[in-house]
Amino acid sequence: MKKRFLILLVASSIFTSCSNDSEDLFVPPAEIPAEEEPKDETPDDCLLTTKDGLLIIEGESFDLKGQWDLLSDTKASGGKYIQYNGANSYNTQNLSNEITVKFYIPEAGGYRVKWFMRQPLEEATGDLANDVWIYFPGDIGRAWVNDESMVLEHYEKFVSRSEKDGEFAFGGALDLHDPKSSSWLTVSFPEAGEYTLKICARSSHFQLDKIVLSVGLDNEVVKETSKDITETTTCD
Ligand SMILES: [Ca+2]
């Protein structure tokens, strides 16, 4: 009895393995791939995008929440700016005051990040009201520290000063703490596509007119040319 059972078992395992083999041997004819249409990367929605090497993001284009307010001023680009009116948040990010904006980059490239900001005359002098937390999701932000490019993996402090003349001032640099260092902020977009910029409030009464990203342009040129121009979208 035992022997017959064993033979059956062996026979069945041979059959099974044969049938597996035959399945392995059967290769379906390759499907002829359809000719690939060139991918249209242009987004369906109207998104902010670059023009002449500049990507302008007005403060008023951010999706505001928390204690950010939208205000009007003829001195502001687009006639508007945003101001943070909550408490200072110097050590951590209070995400209830995190604001975001989406934009479209048409091809891979490295951009420098600057802004036009203002410290209100009454509330702020010196170091007050002059900074935010900034982060590009996807860890595409870069600093230059100790002669090396440093990947920015979380929020960092971004700071600048305005003159006491009521004008929004061009500037903006990273104030890094680990290691302690100051650096310009750049962002390395790996390919064409939609990206997000996040800002989280740090200093009470800080005013943001607009963010200026630039590619392939001298910083002084950016300072002069970006003052009087506003946003471009993929629908323009
Ligand atoms: Ca503005």
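Author: The protein has two helices and 17 strands. Both are DSSP runs numbered from the N terminus: helices are H or I with at least four residues, strands are E with at least two. This is a predicted model: local features need pLDDT of at least 70, side-chain atom pairs count only at pLDDT 80 or more, and totals for chains, interfaces and linings use all residues. Residues are numbered from 1 along each chain as its sequence is written.

Of the 236 residues, 30% are buried. Buried means 20 or more other C-beta atoms within 10 Å of a residue's own; exposed means 12 or fewer; partly exposed lies in between; C-beta atoms are placed from the backbone.

Now the close look: Gln207. Gln207 sits in strand β16, residues 207-214. Gln207 counts as buried because 24 other C-beta atoms lie within 10 Å. Beyond its neighbours within four places in sequence, Gln207 contacts Tyr81, Gln83, Met117, Arg118 and Pro120. A contact means C-beta atoms, placed from the backbone, within 7 Å. Take Met117. Gln207 and Met117 are 90 residues apart in sequence, yet 5.6 Å apart in space, C-alpha to C-alpha. Across the protein, 74% of contacts with a separation of 6 or more join residues 24 or more positions apart.

One loop also deserves a look. Ala129 lies in the loop between β6 (109-118) and β7 (131-135). Its phi is near 55°, a positive value in a residue other than glycine. Most residues other than glycine have a negative phi. Ala129 is buried, because it has 22 C-beta neighbours inside 10 Å.

How values were computed:
Contact = placed C-beta atoms within 7 Å.
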